[in-house]
Amino acid sequence: MAAQNHLQITIPKENQIPEEDFDYSQRAQWLRAAVLGANDGLVSIASLMMGVGAVQENVKTMMLTGFAGLFAGACSMAIGEFVSVYSQLDIERAQIKRDKATRGQNREHEEGNKEQLPNPFQAAVASSIAFSLGAIVPILAAALIENHEVRLAVIVAAVSLALLAFGGIGAFLGRSPMVKSCARVLIGGWMAMAITFGLTKLIGSTGLEI
């Protein structure tokens with residue numbers, strides 16, 4: 001009997017990119033804006049509320065300060081990120097035109113360059129939403145506690161956990177070292193809160209009314 005040979009042909013799926021060949025620099029365009037916005041919202045609003053809490057025990061004052069900082073910061077982050085990324089976009093477009101004029105590029109290479117250009121709208125929206133998500137953490141933590149000293153401790157604990165979470169998410173999505181990223185974000189947040197709390201406490205102790 002003749003042996004039967006089975007021929008199996010595997011058709012590769014289109015638009016499927018192997019993980020080792022994935023360009024994480026493209027993901028970094030919006031990841032940078034999101035992580036920066038979340039960390040900035042978390043640390044700045046927590047520091048602001050800690051500073052107010054150093055001289056004011058009223059929870060309503062801390063909450064109003066936090067919400068005012070949230071809205072102002074979200075708008076500021078969106079506008080600043082849009083202007084920054086749009087300026088980068090103009091520079092990269094000009095560079096592509098110069099490369100095309102001097103060396104010449106085929107259409108496929110030109111399309112690839114266009115796909116890698118940053119999106120200012122995407123960066124602005126990601127930064128604003130991430131800032132708001134980060135800023136709401138210390139506000140919610142303060143709203144749940146009536147005792148002033150316990151409230152400050154809960155804010156620090158909640159912010160510390162959120163900083164670790166944001167640092168871990170950024171490291172996971174960007175394929176960077178997890179421990180180093182979390183430690184860098186956590187220590188930076190602690191320093192910002194400590195400096196703001198200490199300076200505001202020092203100003204309040206001089207007799208100035210806030």
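**Labels and their grounds**

Analyst: In this predicted model, Ile 187, Trp 190, Met 191, Ile 195, Leu 199 and Leu 202 make a nonpolar surface patch of about 630 Å².

User: What makes Ile 187 partly exposed?

Analyst: Ile 187 has a relative accessible area of 46%. Buried means under 20% and exposed means over 50%, so Ile 187 with its 46% is partly exposed. The residue is found in helix 6, residues 178-205.

User: Which residues of helix 6 are buried?

Analyst: They are Ser 181, Cys 182, Val 185, Leu 186, Gly 189, Met 193 and Thr 200.

User: What does the same test give for helix 5?

Analyst: Helix 5, residues 148-174, has 27 residues. Its span from first to last C-alpha is 39 Å, close to the expected 39 Å.

User: Why is Asn 147 said to cap helix 5?

Analyst: A side-chain oxygen of Asn 147 lies 3.2 Å from the backbone nitrogen of Glu 149. A polar contact needs N or O atoms within 3.5 Å, so the 3.2 Å pair is within the cut-off, and Asn 147 caps the N-terminal end of the helix. Helix 5 is followed by Arg 175, whose phi is positive, near 55 degrees.

User: Why is Ser 160 called buried?

Analyst: The relative accessibility of Ser 160 is 11%. Buried means under 20%, so Ser 160 counts as buried. Ser 160 is in helix 5.

User: What contact does the side chain of Ser 160 make?

Analyst: It makes a polar contact with the side chain of Trp 190, at 2.8 Å. Trp 190 is also one of the residues of the nonpolar patch.

User: What makes Ala 162 buried?

Analyst: Ala 162, also in helix 5, has a relative accessible area of 11%. The cut-off is under 20%, so Ala 162 is buried. Its C-alpha is separated by 9.9 Å from that of Val 43, 119 residues away along the chain.

User: Why does Ala 54 count as buried, and where does it lie?

Analyst: Ala 54 lies in helix 1, residues 24-55. Its relative accessibility is 9%; with buried set at under 20%, Ala 54 therefore qualifies.

User: How do you know which residues are listed as transmembrane region?

Analyst: The listing comes from UniProt, in an unreviewed entry, and includes residues 123-145 and 151-173. In the model, residues 151-173 are 100% helix and 0% strand, with end C-alpha atoms 33 Å apart. Residues 123-145 are 91% helix and 0% strand, and their end C-alpha atoms lie 35 Å apart.

User: What is the secondary structure of the chain, and what share is buried?

Analyst: The chain has six helices and zero strands. Of its 210 residues, 34% count as buried.

Definitions and conventions: Residues are numbered from 1 along each chain as its sequence is written. This is a predicted model: local features need pLDDT of at least 70, side-chain atom pairs count only at pLDDT 80 or more; totals for chains, interfaces and linings use all residues. Side-chain values use heavy atoms; hydrogens and water are left out. Helices (H or I, at least four residues) and strands (E, at least two) are DSSP runs, numbered from the N terminus. The expected span of a helix is 1.5 Å times one less than its number of residues. A polar contact is a pair of N or O atoms within 3.5 Å; within protein, one must be able to donate a hydrogen and the other to accept it, and residues adjacent in sequence count only if both atoms are side-chain atoms. Patches are made of residues with over 30% relative accessible area and no salt bridge: like charges are joined within 9 Å, nonpolar side chains (Val, Leu, Ile, Met, Phe, Trp, Tyr) within 5 Å. Accessible areas come from the Shrake-Rupley method with a 1.4 Å probe; for residues, only the protein chains shown count as cover. A salt bridge is a side-chain nitrogen of Lys or Arg within 4 Å of a carboxyl oxygen of Asp or Glu. Buried means under 20% relative accessible area, exposed over 50%, partly exposed in between (1.4 Å probe, protein chains only). UniProt positions are given in the numbering used here, feature names are shortened, and annotations may be inferred rather than shown by experiment.
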